[in-house]
Structures are given as structure tokens and as C-alpha cells.
Amino acid sequence: MSPTKEKLLSTASKTFSKYGFYKTSMDEIAKSARKAKGSLYYHFNSKELLFREVVLSELDFLKEELTVIFNAPNTDSRDIIKAYMTKRMMIMNISINYQETLRPEFYEFYEFLNDVILEMDLWEKKQITAILNKGVANDELELPGDIEVYAEMLLIFLKGLETPLFLKGQYERLISNFDNLIGILTKGISKL
């Protein structure tokens, strides 16, 4: 990535985080980055494409952080699941631009992000499936039936928490109990 494009992306991320997608203009981003508006449009054809890149970079950061957890060698699958769920929510809490995509009015009108969100969901489901399969193979977990369905349900559970935790501002109040919830969940699927 060119230094100019990187600077524009970084500035856009901060500006979108501060004002939101709707209240941020391309003029404002160019001005904040101390770049010509033409330079901004050269790298990003529209505000939608720029925002898409910003959200994609937040999700790429999430993937990097979660990959470290998923690839932990010789770790009990229950510990990986706990670490994954905790880290995911911690990173989502600081992913302000991703949080904007959770708003119903945003989701309803801006399909330009659907493929990015879908790709992230598929990636997470694949990683969770692998960990659950590892847990069953290592005799740590007992999951009768289709493991992919369990992975999908776990992801739906986590995504279902995003709106109350992030949009409704309940993260700080509720996160202290998240470990207990994860403990109950992992105990429930543990092989006795």
C-alpha cells in the first residue's frame, strides 16, 4: 500500500470513528489527511468504498489476533474457545467503524459491505469448526451431531451479543460476567 493511501485510510478510520459514516464527508477526510480531494478519489472512488476498506482493515486486524489464538499449539480446545470469545469481543469493542454496520439503518441501505461481513462470518465458522473438531478428536468435547451447526450457532450467539454490548453501550457493564458465561458454555460441551 502506498504511503498516501495508507495515510488516507488511517485518517478516514479516525474520522469515521469520530463522526460516523453519515456525518463524515470526503472533503473532511482529505482536509484532515492534508491531501488533495483528487488524491482521495484517486485511491477510493467513493465514500462507500473508503468506508468498506476501513471496516475491512478492522476485520483483518480481528482475524490476525484470532489466528494467534486458533493456532495455539497443544492447548485444550475449551481454553481456545474461551480465549477466542473473550478476544473477539474485546476487539469488536474497539472496532468502532464495524459497530456502525450493526445499526439497522446502515445494514438496510448499504449492501456494499455484505460480502465483507459474510466472508468474515465464513472465516470464523471455519475456525470454530476446526477447534470443535479438535476438541472432539482429543476427547475434550462432546458434541453429538453436525459440528458445523454448533460452530454456526456459537457464531450466531456471539453476533447476537454485538448490538446490546456495543450499540447499546452495555460492554463495560456486562463484560465482567462474560467469563462466567463462557465457562458455563464450555462446561456444557465438555466431555465428562
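Guide: Before we start, helices (H or I, at least four residues) and strands (E, at least two) are DSSP runs, numbered from the N terminus. Residue numbers start from 1 along each chain as its sequence is written, and side-chain values use heavy atoms, with hydrogens and water left out. This is a predicted model, with local features needing pLDDT of at least 70 and side-chain atom pairs counted only at pLDDT 80 or more, while totals for chains, interfaces and linings use all residues.

Visitor: Okay, how many helices does the protein chain have?

Guide: Read along the sequence, the pattern is α-α-α-α-α-α-α-α-α-α-α. The C-alpha trace spans about 65 × 35 × 25 Å along its principal axes. There are 0 strands, and the helix count is 11.

Visitor: And what share of the 192 residues is buried?

Guide: Buried here means under 20% relative accessible area, exposed is over 50%, and partly exposed is in between (1.4 Å probe, protein chains only). For the 192 residues of the protein chain, the buried share is 41%.

Visitor: Where does F16 sit, and why does F16 count as buried?

Guide: F16 belongs to helix α1. Beyond its neighbours within four places in sequence, F16 is in contact (heavy atoms within 4.5 Å) with residues including F21, K47, F51 and N97. F16 counts as buried because its relative accessibility is 1%.

Visitor: Which residues do ring pairs link into a cluster?

Guide: Rings of Phe, Tyr and Trp (its six-membered ring) pair if their centres lie within 6.5 Å; planes under 30 degrees apart are stacked, over 60 edge-to-face, and the rest tilted. Searching the whole structure turns up 8 aromatic pairs. One of them, F21 with F112, is tilted, at 6.1 Å centre to centre and 35 degrees between the planes. The cluster consists of F16, F21, Y22, F51 and F112.

Visitor: How many residues apart are F21 and F112?

Guide: Both residues are buried. F21 is in helix α1 (residues 3–23) and F112 in the loop between α7 (104–109) and α8 (114–137), distant parts of the chain, with a separation in residues of 91.

Visitor: Which residue lies over the face of F21?

Guide: A charge sits over a ring if NZ of Lys or CZ of Arg is within 6 Å of the ring centre and within 35 degrees of the ring normal. At 4.5 Å from the ring centre of F21, the residue is K47.

Visitor: At what angle do α5 and α11 cross?

Guide: Axes are lines fitted to C-alpha atoms, for helices over the stretch in contact, and angles run from 0 to 180 degrees between N-to-C directions. The axes of α5 (residues 77–94) and α11 (residues 178–189) come within 10 Å, and the crossing angle is roughly 150 degrees.

Visitor: What is the handedness of that crossing of α5 and α11?

Guide: If the near helix is turned from the far one by less than a right angle, anticlockwise counts as left-handed and clockwise as right-handed. By that rule, the crossing of α5 and α11 is right-handed.

Visitor: Why does R34 count as exposed?

Guide: R34 lies in the loop between α2 (26–33) and α3 (37–43). Its phi is positive, near 55 degrees, and R34 is not a glycine. Most residues other than glycine have a negative phi. R34 counts as exposed because its relative accessibility is 78%.

Visitor: What phi does D139 have?

Guide: D139 is in the loop between α8 and α9 (147–167). This residue is not a glycine either, yet its phi is positive, at about 65 degrees.
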